[in-house]
Amino acid sequence: MSETIERAYPHAPTADDAPLDTAALAVCTTVLQQGAADLRRRFGPVLGEAVVDRQIEDSLEELRRSGVPRTHRESTAIHFAESRLLALAETTGVVEPSVPRVLFVCLQNAGRSQLAAALLAERAGDAVRVSSAGSRPTPEVHDDVAPVLSEIGADPAAAYPKPVTPELLAAADYVISLGCSDECRERTGVEVRDWPVGDPAEADWERLQEIVADIERRVDALWAEIQGRFAA
């Protein structure tokens, strides 16, 4: 077992971490250890437990750098590591992809890419694996975006900002950059489609609705393309 996980990561806070009380610390520790055990069980036989542990540790560190609060960093890291491990398993050929994969990328992964991912997931369901990421993710989704995600049918609590990683990029059939800067596109290192849409962080409510409508039209066109390309 990885030393980081064995000693329970919450016991090693950094200077910018707020302290947790004993009960909260115990919950974080349990979530991390149980989640790690589940990922080892699922991915250890095909990728190796050392690879699984490295992905968990790296996911924890990435989210710490992004400023994700300690109160839900461990649970978020397990979900993040799961998506990365699945992508790694597919790109290395040990698991065969079962559905098309779409990755939406923006700068902070707090608005545009989250909205696009939620809209496509609502339309495609299990027929497409949808993910999102950012080149410089923030700790939380934008406040004005969270209620829109709820209206779409997504769980805002599950829409956590996360960084772009090589595994997610390599596994994607489509990489969509939403109004991203040159920095964002350069960091992906792969061919991307650019959707030049407005930034919800700078919008009032009326403008936000226009941005959502713009993304929705683009998502509908993409979904139609995916259905045509991957039709049985």
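Four strands form an open sheet in the order E2-E1-E3-E4, with parallel pairing. Two strands pair if DSSP finds at least two bridges between them. Strands (E, at least two residues) and helices (H or I, at least four) are DSSP runs, numbered from the N terminus. E2 and E4 (193-195) stand at the edges with a single partner strand each, so one side of each is left without a neighbour in the sheet. Neighbouring strands are turned by 25 degrees against each other on average, direction ignored.

This is a predicted model: local features need pLDDT of at least 70, side-chain atom pairs count only at pLDDT 80 or more, and totals for chains, interfaces and linings use all residues. Residues are numbered from 1 along each chain as its sequence is written, and side-chain values use heavy atoms, with hydrogens and water left out.

Two of the pairings:

| Strands | Bridges | Direction |
|---|---|---|
| E1 (residues 101-106) and E2 (residues 129-134) | six bridges | parallel |
| E3 (residues 174-178) and E4 | three bridges | parallel |

Phe104 stands opposite Ser132 in E2. From E1 the chain crosses through helix H5 (residues 112-124) to E2, a right-handed β-α-β crossover. Right-handed means that, with the strands pointing away from the viewer, the path from the first strand over the helix to the second runs clockwise. Leu178 stands opposite Trp195 in E4.

Now the helices. The axes of H2 (residues 22-47) and H4 (residues 70-91) come within 8 Å and cross at roughly 5 degrees. Axes are lines fitted to C-alpha atoms, for helices over the stretch in contact, and angles run from 0 to 180 degrees between N-to-C directions. H2 and H4 are therefore roughly parallel to each other (angles under 35 degrees).

Terms used. Parallel < 35°, antiparallel > 145°, perpendicular 65-115°, else oblique.
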